[in-house]
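Colleague: Please take a close look at the ligand site for me. Keep it brisk, and give me the cut-offs as you go.

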Amino acid sequence: MVGQVISAFESNFKGKPGVFVAPGRINLIGEHTDYNMGLAMPAAIDKHFVFAIAPNNTDSFLIKAIDLDQSVSFSRNELKHGHSWENYLMGVIDGFLRRGKLLSGADSVFNSNIPAGAGLSSSAALCSGFGFALNEIFKCGLGKLELAVIAQEAEQNFTGTRCGIMDMYASLFSEENSVMLLDCRDNTHGFLPARFEGFEILLIDTKVKHSLASSGYNSRRAACEEGVLKLSQANPEIKSLRDVSPEMLESSKLSMSEEAFKRCTYVVREIDRTKKAAHFLQTNDMVSFGKLMYETHLGLSREYEVSCAESDWLVDRALKNNVTGARQMGGGFGGCTINLIPKGSKQALIDDVSEKYFNTFKNEPDFYSVKLASGVHEVVDH
Ligand code: GLA
C-alpha cells in the first residue's frame, strides 16, 4: 500500500512527501473503562492507514482518500463539524491551530485497509496518523500524548462522540508483539507479554456497522457520570468509577437510577476483570483469561446493553465450538467479536459460523486473523 500511496501523491501533487503508517487496534479486555479512568488492554494490529503528505505553503489542505475515491480541499477557515472523514481531519487541524502550531496547509493522499465501523478504531487511526504526520512535517514538537489528546478532541468536538482516549493512545503508543496495559487514570501504560502460546486471535466482523455518536455511546457515558455524581455525594473522595468497589456501589444503589446502577455495575466489574486478566496474561493462563472475556461479553450484553443479536450469536457459537474466550469488541452495537482460539481450531469455527450466520442473519460475516503491530510511525525507506 505504501508504494501505491506514494505514486498517487506523485501523480496529484508536487514535492517529496513524508510517509506515515497508522494502525487500528484490538482490545483484549477493558471495554468502556477508558472514560471511567479504568484499565484497558489494547494492541495495534497489522491493518492500517498509509499517508503521504507534504506542506504546500498555502492556506489550504488538499486531501485524497484512495479507498473511498474521494478528494476534498478546504482552507483553515473552513473547518466544519460532521460525520464524514474530512471532519475528523478538520478536527485534528483545529487542534493544531488552537495550539498555535500550523504554519501552512498541506497536500495529502491516504489509503486504508481497516474496515470502517467494525470496532477496529479506523477513525482514531485516521486522526492519530494525520496528527502524527502534521507534527513531523511541520516540526511542531508535540509529544505522542498531546497528539492522542488532539485526536480525541477532534472526535469529541468535530463528530460529537464523547469517546475515551484508548483508541488513539493504542494507535500511537503500541509496540510490535506486545499488549498494552493502559491506565486511563493518568494516561500511562506498560506492556504485557503477548505470547499466546498455543492460541491465536480471530476477529469476526458481524458487518453490523455501528455509529458511535448515534448508538447510545454518549448515553452510556452519561449514565456513568450520573452514578459517579451520586457516589461522590456519599463519599467525596470518589472521582470516577475507578475509585469504586462493588460494596460501595451496592450501598449507593438507591441513590441513582436503575439504569445508572446497571451501567456502573458493569464498569466496576470490568475494571476488576482487566486487573485479573493482566495477571493471567503474565502467568500465561489463557484459559482463565478467556473466561474473563466471556464474562465481559455477558456484562456488555446484559448490564451495559451495548451488544446486538449478531454479536450475542457469534459469542454463543464460539462457546459451543470450545473457543477459549470471545466477546464483542469496541464501542458496541455491532462491529467485531474477538476470539481467543486454540491453534488449529480456527477453520472449524469459520466453517461452522459462515453457513449458520448467513442462514440466521442473511449477511456474510468477515474473518480477520490479525498480528500485533507497532504504533504510528514514519516509513523512512521508501
Ligand atoms: C470506542 C471508544 C473508546 C472506548 C471503546 C469502548 O472504541 O472510542 O474510547 O470507550 O469504544 O471500550
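Modeller: **The ligand site**

The ligand is surrounded by 13 residues, each with a heavy atom within 4 Å of it. Glu 31, His 32, Asp 34, Asp 167 and Tyr 217 are the closest.

This is a predicted model, in which local features need pLDDT of at least 70, side-chain atom pairs count only at pLDDT 80 or more, and totals for chains, interfaces and linings use all residues. Residues are numbered from 1 along each chain as its sequence is written, and side-chain values use heavy atoms, with hydrogens and water left out.

By class, the shell holds 5 nonpolar, 4 polar and 4 charged residues. Ala, Val, Leu, Ile, Met, Phe, Trp, Tyr, Cys and Pro count as nonpolar; Asp, Glu, Lys and Arg count as charged; the others, Gly among them, count as polar.

Now the polar contacts (pairs of N or O atoms within 3.5 Å). Glu 31 places a polar side-chain atom 2.6 Å from a ligand oxygen atom. For Arg 25, a polar side-chain atom lies 3.2 Å from an oxygen atom of the ligand. Gly 164 uses its backbone: a polar atom there is 2.9 Å from a ligand oxygen atom. The protein covers 98% of the 310 Å² of accessible area that the ligand has on its own, by the Shrake-Rupley method with a 1.4 Å probe.

Where does the ligand lie relative to domain 1 and domain 2? Domain 1 (2-193) and domain 2 (199-370) both give residues to the shell, so the ligand lies between them. These bounds come from an automatic or database domain assignment.

Definitions and conventions:
Polar contact = N/O pair within 3.5 Å; in protein donor to acceptor, adjacent residues only side chain to side chain.
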